[in-house]
Amino acid sequence: MKTIVIVGAGTGLGLSLAKKFGDEGYRVAAISRNAKKLKVIQEELSNLNIEAKAFIADITDLESLKESIKAIKIEFGSIDVIEFSPYAKEEKFTNIFETKSENISEMLETYLYPSIQLVNEVVPDMITKGSGAILFTTGISTIFPLPLAANAGVIGAGLRNYAENLYNELEEKGIFIRHLAIGTVIEPGTIGDPDSIAEAWYNLYNEKGKFEETFPQNLKQADFL
């Protein structure tokens, strides 16, 4: 049985991803610093007969994140898919004219540094095995410059560049790197329903030779002007 690790798991998209991949036969390991959210995730998955285990870690603490990945490998034997989607704190976004070095540093610690740590922890095993996948979830400012989320866009663009570099190097080795940029509010019952996003993510994960997609599909810069 394959294992998916959801990093930055919450009761919205994280839970929907866990349910979707769980329905497809995956075991689920959920990483979050919020014990209450992890309890909800584990209980809901248990009710659906999906094997799951929670791991508490603050992803900005790279050593804690590293230890969680080690614990997951011990618990499940291997990691087949890892999805990275820490909660986007919109209150931390800054306008382009208000962005300072400290605003960038916080985004580095929340998004870029943890993603690189995760890659370092899982890719060597995936290369040895000849299979695996890393899924990066970001906001649409990763692709299109948005003045109201300038600090997130600067770091997101760097993360996207890093991910695409990995894609170019690893696709032929059987390791799939994918990027989904979300351009809508994630809310049940709307166009940004987390179940719909989870479905889109699963489809992108299974589409060979395609690095990224937007959600909704085919968004353009003009959609945000």
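**Close-up views of a predicted model**

View 1. Strand S5 (132-139) and helix H6 (194-206) each supply at least two residues of the lining of the second largest pocket. Helices (H or I, at least four residues) and strands (E, at least two) are DSSP runs numbered from the N terminus. The model is predicted, so to speak plainly: local features need pLDDT of at least 70 and side-chain atom pairs pLDDT 80 or more, while totals for chains, interfaces and linings use all residues. Residues are numbered from 1 along each chain as its sequence is written, and side-chain values use heavy atoms, with hydrogens and water left out.

View 2. A pocket is an open set of points on a 1 Å grid over the protein atoms alone where a 1.4 Å probe fits, with protein on both sides within 12 Å along at least five of seven lines; lining residues have an atom within 4 Å of a point. Look for Lys2 first, then Asp80 and Val81, then Ser131, Gly132 and Ala133. Gly174, Phe176, Tyr205, Asn206 and Lys208 are also part of the lining. By type, the lining splits into four nonpolar, four polar and three charged residues (Ala, Val, Leu, Ile, Met, Phe, Trp, Tyr, Cys and Pro are nonpolar; Asp, Glu, Lys and Arg charged; the others, Gly among them, polar).

**View 3. The largest nonpolar core.** This core has 38 residues, and the ones touching the most other members are Val7, Ile31, Ile72, Ile82, Ile134, Phe136 and Ile177. A core is a set of buried Ala, Val, Leu, Ile, Met, Phe, Trp, Tyr and Cys residues joined through side-chain atoms within 4.5 Å. Strands S1 (3-7), S2 (27-32), S4 (81-84), S5 and S6 (175-182) each give two or more residues to this core, and so do helices H3 (62-76), H4 (101-129) and H5 (150-170). Helix H4 gives the most, with ten residues.

**View 4. Zooming in on Ile134.** Leaving out residues up to four places away in sequence, Ile134 touches Ile82, Val119, Val122, Val123 and Met126, along with Phe176, Ile177 and Arg178. Contact means heavy atoms within 4.5 Å.

**View 5. Val28 on strand S2.** Val28 sits in strand S2 and is buried, at a relative accessible area of 1% (buried is under 20%, exposed over 50%, partly exposed in between; 1.4 Å probe, protein chains only). Beyond its neighbours up to four places away in sequence, Val28 touches Ile4, Ile6, Ala18, Leu45, Ile50, Glu51, Ala52, Lys53 and Phe76. Ala18 is ten residues from Val28 along the chain, and their C-alpha atoms are separated by 6.3 Å.

View 6. Ser68 is in helix H3 and is buried, with a relative accessible area of 5%. Setting aside neighbours within four places in sequence, Ser68 is in contact with Ile31, Phe55, Ile56 and Ala57. The unreviewed UniProt entry puts a "coiled-coil region" at residues 31-58 (positions use the numbering here, feature names are shortened, and annotations may be inferred rather than shown by experiment). In the model, residues 31-58 are 46% helix and 25% strand, and the end C-alpha atoms are 8 Å apart.

**View 7. Gly139 on strand S5.** Gly139 belongs to strand S5 and is partly exposed, at 32% relative accessibility. Outside the four places on either side in sequence, Gly139 touches Ala181 and Ile182. Gly139 and Ala149 are ten residues apart in sequence, with 9.7 Å from C-alpha to C-alpha.

**View 8. Strand S7 and what follows.** Glu213 lies in strand S7 and counts as buried, at 13% relative accessibility. A cis peptide bond joins Phe215 and Pro216, with omega about -10 degrees. Pro216 is in the segment after strand S7 (212-215), and Asn218 is in the segment after S7 as well. Asn218 has a positive phi of about 60 degrees despite not being a glycine, and is exposed, with a relative accessible area of 54%.

**View 9. Asn49 in a loop.** Asn49 is in the loop between helix H2 (35-47) and strand S3 (52-56). Asn49 is not a glycine, yet has a positive phi of about 60 degrees. The residue Asn49 is exposed, with a relative accessible area of 72%.
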